[in-house]
Amino acid sequence: TVIERLSAKLTIPPSALLQLIGIPERTMARRKQEGFLKNDEADRLLRVIRVFQEALRVFGSETKAAGWLNDVSAPLGDVTPLSLLDSDAGARAVSDEIMRIDYGDTF
């Protein structure tokens, strides 16, 4: 349920979110039957949720936050911020950029 709700908020298909957090669709089907994610899978999902919440706080709406996360960003190397959330280092880079935007330190 969380995967479906978050993917809707991010305006991406659930399969794209699963790929981002490194869970094959077959594995997700098993997790759905089991009723929970493994710890490492939950951590990767929470990383995406945390960054989305940071963007929501700064941009003020889910639509604007999702739009920024899905748009190519020059300061982040001409990739979408969302695509960087597959690693801790990428998530830190995105969080740092959100903080710079929040403080008005953009170029």
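**View 1. Helix 1 and helix 4 cross with left-handed geometry.** A crossing counts as left-handed when the near helix is turned anticlockwise from the far one by less than a right angle. In this predicted model, local features need pLDDT of at least 70 and side-chain atom pairs pLDDT 80 or more, while totals for chains, interfaces and linings use all residues. Residues are numbered from 1 along each chain, and side-chain values use heavy atoms, without hydrogens or water. The axes of helix 1 and helix 4 (residues 39–59) come within 12 Å and cross at roughly 35°; axes are lines fitted to C-alpha atoms over the stretch in contact, with angles from 0 to 180 degrees between N-to-C directions. Helices are DSSP runs (H or I, at least four residues) numbered from the N terminus.

**View 2. A salt bridge joins Lys-9 and Glu-62.** Their closest N and O atoms are 2.8 Å apart. Lys-9 lies in helix 1 and Glu-62 in helix 5 (residues 62–70), 53 residues apart. The structure holds nine salt bridges (a side-chain nitrogen of Lys or Arg within 4 Å of a carboxyl oxygen of Asp or Glu).

**View 3. The largest pocket has a volume of about 160 Å³.** A pocket is an open set of points on a 1 Å grid, with protein on both sides within 12 Å along at least five of seven lines; lining residues have an atom within 4 Å of a point. The volume is the space filled by probe spheres (1.4 Å probe) set on the points. Among the lining residues are Thr-1, Arg-31, Phe-36 and Leu-45. Helix 3 gives the largest share, three residues.

Technical notes. Helices (H or I, at least four residues) and strands (E, at least two) are DSSP runs, numbered from the N terminus.
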